Amino acid sequence: MLLPTAMLMPMLNVQVIDHPVIQTKLSELRDKSTDTRTFRLLLDEIAMLMTYEVTRDWPTIKRPVSTPMEETQGAVLARPVTLVPVLRAGLGMADGVKRILSDARMGHLGVSRNEKTLQPDSYYAKLPPDVKETEVLLIDPMLATGGSAVYAVEYLKQRGVTSMKFMCLVAAPEGIERLHLKHPEVPVYCCAIDRQLNDRGYIMPGLGDAGDRLFGT
Ligand code: PRP
Ligand code: URA
C-alpha cells in the first residue's frame, strides 16, 4: 500500500533550496510573460546558485599548497565531477553549474517524455568512460511523474555510478515519491515542491513546458 505523499514527504531524501534570491528568480521564471531570452538567463542563474548548496557535503582531501609565504594544507574535491543534463531542458542548467564546477566533464542523456503515455523514450546517451569514478550531478529543471528521472538514474547505475544527486527546479510530489520508491538513496534538490500534476502530467502551478520555453519551440 502506498502512503499518501503528504505523510511520506518528511521521510524522503529531498532538500528544498528556499534561498530568497533563488525564490525571486524562480517566480519570474514561472511567469508566463517571461520571454525566451529571460527564461534562459534565469534558468542558468538559478542552476549556478543551487550548485553551492547541492555540493555542500561532497568529500574533500587534503592537498599541500605552497603560498608565496609558506607551505600549508589546502583541500580539494576528493573525486572528479560529471554533469549529466537530461536533454533537452537540462541543457539550460548546464552552463550555470559549470560556472561553479569548471572542471566537470559532461555526459548527455536524451530522454523525451511521450506526451500520450507519459513514458520516457530514450534517444541518446554519451557518458565519460570513467563516469563510475566520479560524483554525478543529474540535472533537469522538471521532476513531474518521475518517469524520466527514474530512467536516467537507472541508466547511470547500470554504468556503475554509485554517487549521484538529482538537481531540478520544480518537483511534483508524485515525481519525488516515484523516484524515491525506486532509488531512495539518490538525494533530490529542488527550489520548490509544487501542488500536484494535472491530468496531462504537467506540474501545477509549475512553469509550463520547460524545454519549449527554453528553446522557443
Ligand atoms: C521534460 C522535463 C523532464 C520531463 C519530466 O522533458 O525536462 O525531462 O519532461 O517529466 P516526467 O517527470 O513526467 O518524466 P520533455 O520530455 O518534455 O523533453 P524536452 O526537455 O526535450 O522538452
Ligand atoms: N515537463 C515539463 O517541462 N513541464 C511539466 O510541467 C511537466 C513535464
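Asp-140 counts as buried at 11% relative accessibility, where buried means under 20% relative accessible area, exposed over 50% and partly exposed in between (1.4 Å probe, protein chains only). This is a predicted model, in which local features need pLDDT of at least 70, side-chain atom pairs count only at pLDDT 80 or more, and totals for chains, interfaces and linings use all residues. Residues are numbered from 1 along each chain as its sequence is written, chains are lettered from A and ligands numbered from 1 in the order in which they are written, and side-chain values use heavy atoms, with hydrogens and water left out.

**Asp-140**

- Asp-140 is placed in the loop between strand E8 (135-139) and strand E9; helices (H or I, at least four residues) and strands (E, at least two) are DSSP runs, numbered from the N terminus.
- Leaving aside neighbours within four places in sequence, Asp-140 is in contact (heavy atoms within 4.5 Å) with Val-86, Ala-89, Gly-90, Met-93, Phe-166, Met-167, Cys-168 and Leu-169.
- The C-alpha atoms of Asp-140 and Val-111 are separated by 11 Å, with the two residues 29 apart along the chain.

**Ligand 1 site**

- Around ligand 1 there are 15 residues, and Arg-88, Arg-113, Asp-140, Thr-145 and Ser-148 come nearest; a residue is near a molecule or strand if one of its heavy atoms lies within 4 Å of it.
- An N or O atom in the side chain of Asp-140 is 2.5 Å from an oxygen atom of ligand 1.
- For Thr-145, a side-chain N or O atom is also 2.5 Å from an oxygen atom of ligand 1.
- Ligand 1 exposes 500 Å² when taken alone, and the protein buries 93% of that; accessible areas come from the Shrake-Rupley method with a 1.4 Å probe, and for residues only the protein chains shown count as cover.
- Strand E6 (108-113), strand E9 (142-143) and helix H5 (147-158) are the elements that give two or more residues to the shell around ligand 1.
- Arg-88 has a polar side-chain atom 2.8 Å from an oxygen atom of ligand 1.
- Arg-88 belongs to the loop between strand E4 (81-87) and helix H4 (91-100).
- The peptide bond from Leu-87 to Arg-88 is cis, with omega near 0°.

**Ligand 2 site**

- Arg-113, Met-142, Ala-144, Gly-201, Tyr-202, Ile-203, Gly-208, Asp-209 and Ala-210 surround ligand 2.
- Gly-208 places a backbone N or O atom 2.8 Å from a nitrogen atom of ligand 2.
- Ile-203 has a backbone N or O atom 2.8 Å from an oxygen atom of ligand 2.
- A backbone N or O atom of Ala-210 also lies 2.8 Å from an oxygen atom of ligand 2.
- Taken alone, ligand 2 exposes 240 Å², of which the protein buries 88%.

- Arg-113 is found in strand E6 and is buried, with a relative accessible area of 18%.
- A polar atom of the Arg-113 side chain lies 2.8 Å from the backbone oxygen of Gly-201.
- Leu-118 lies in the loop between strand E6 and strand E7 (120-126) and counts as buried at 19% relative accessibility.
- Phi of Leu-118 is near 65°, a positive value in a residue other than glycine.

**Two further aspartates**

- Asp-194 sits in the loop between strand E13 (192-193) and strand E14 (196-197) and counts as buried at 8% relative accessibility.
- The side chains of Asp-194 and Arg-30 make a polar contact (2.8 Å); a polar contact is a pair of N or O atoms within 3.5 Å, where within protein one must be able to donate a hydrogen and the other to accept it, and residues adjacent in sequence count only if both atoms are side-chain atoms.
- Among the residues in contact with Asp-194, leaving aside neighbours within four places in sequence, are Ile-203, Met-204 and Pro-205.
- A cis peptide bond joins Met-204 and Pro-205, with omega about 0°.
- Asp-57 lies in the loop between helix H3 (36-54) and strand E2 (60-66) and is exposed, with a relative accessible area of 54%.
- The side chain of Asp-57 makes a polar contact with the side chain of Lys-165 (2.6 Å).
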